[in-house]
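Trainee: I have a structure open on my screen and I'd like to learn how to read it. Could you take me through some features one by one?

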Amino acid sequence: QVQLVESGGGLVQAGGSLRLSCAASGRIFRTNYMAWYRQAPGKQRELVARITRGGNTNYADSVKGRFTISRDNAKNTVYLQMNSLKPEDTAVYYCAANFMNSDYLTSDYWGQGTQVTVSS
């Protein structure tokens, strides 16, 4: 089965940086896109950044210029470099992906989430 495992969350002061990683494993035939979402307490889950199979990226307006999504295709891993962090970036960050497996079935997958806390 396909699994997504995140790492890299933690506590950082405002203005600091963190790098999240998400490694995919399992019977992956093709990656259509990988993405990062986040959910703050009392708020809906929102898209932070996404990178497509072709390498196109898009970002939430609130993180443009501060966050960068990238991907290592050979390792089936996606990264989120977060710079100039603000307290409002505090949330649980989730990795998400859309894969086609070896049976040619396409599905969405989610990681377990990693906590990012930015102190003021």
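Mentor: Let's begin with polar contacts: a polar contact is a pair of N or O atoms within 3.5 Å; within protein, one must be able to donate a hydrogen and the other to accept it, and residues adjacent in sequence count only if both atoms are side-chain atoms. Here, the side chain of Asn-101 reaches the backbone nitrogen of Asp-103 at 2.9 Å. Before we go on, this is a predicted model, where local features need pLDDT of at least 70, side-chain atom pairs count only at pLDDT 80 or more, and totals for chains, interfaces and linings use all residues. Residues are numbered from 1 along each chain as its sequence is written, and side-chain values use heavy atoms, with hydrogens and water left out.

Trainee: Where does Asn-101 lie, and is Asn-101 buried or exposed?

Mentor: Strands (E, at least two residues) and helices (H or I, at least four) are DSSP runs, numbered from the N terminus. Asn-101 lies in strand β9. For the second part, buried means under 20% relative accessible area, exposed over 50%, and partly exposed in between, using a 1.4 Å probe and protein chains only. Asn-101 has 15% relative accessibility, so we call it buried.

Trainee: Which residues is Asn-101 in contact with, leaving aside its neighbours within four places in sequence?

Mentor: Contact means heavy atoms within 4.5 Å. With those neighbours set aside, Asn-101 is in contact with Arg-27 and Phe-29.

Trainee: What about Phe-99 and Tyr-109?

Mentor: Phe-99 and Tyr-109 make a tilted pair, 5.7 Å centre to centre with 40 degrees between the planes. Phe-99 belongs to strand β9 and Tyr-109 to strand β10, so the pair ties together parts ten residues apart in sequence. Both residues are buried.

Trainee: Which ring does the charged end of Arg-19 sit over?

Mentor: A charge sits over a ring if NZ of Lys or CZ of Arg is within 6 Å of the ring centre and within 35 degrees of the ring normal. The charged end of Arg-19 is over the ring of Tyr-79, 4.0 Å from its centre. Likewise, Arg-45 lies over the face of Tyr-94, at 3.8 Å from the ring centre.

Trainee: And Thr-117: which residues does it touch, not counting those up to four places away in sequence?

Mentor: Thr-117 touches Gly-10, Leu-11, Val-12 and Thr-90 on that count. You'll find Thr-117 in strand β11 (residues 114-119), partly exposed with a relative accessible area of 28%.

Notes. Phe/Tyr/Trp six-rings, centres within 6.5 Å; stacked < 30°, edge-to-face > 60°.
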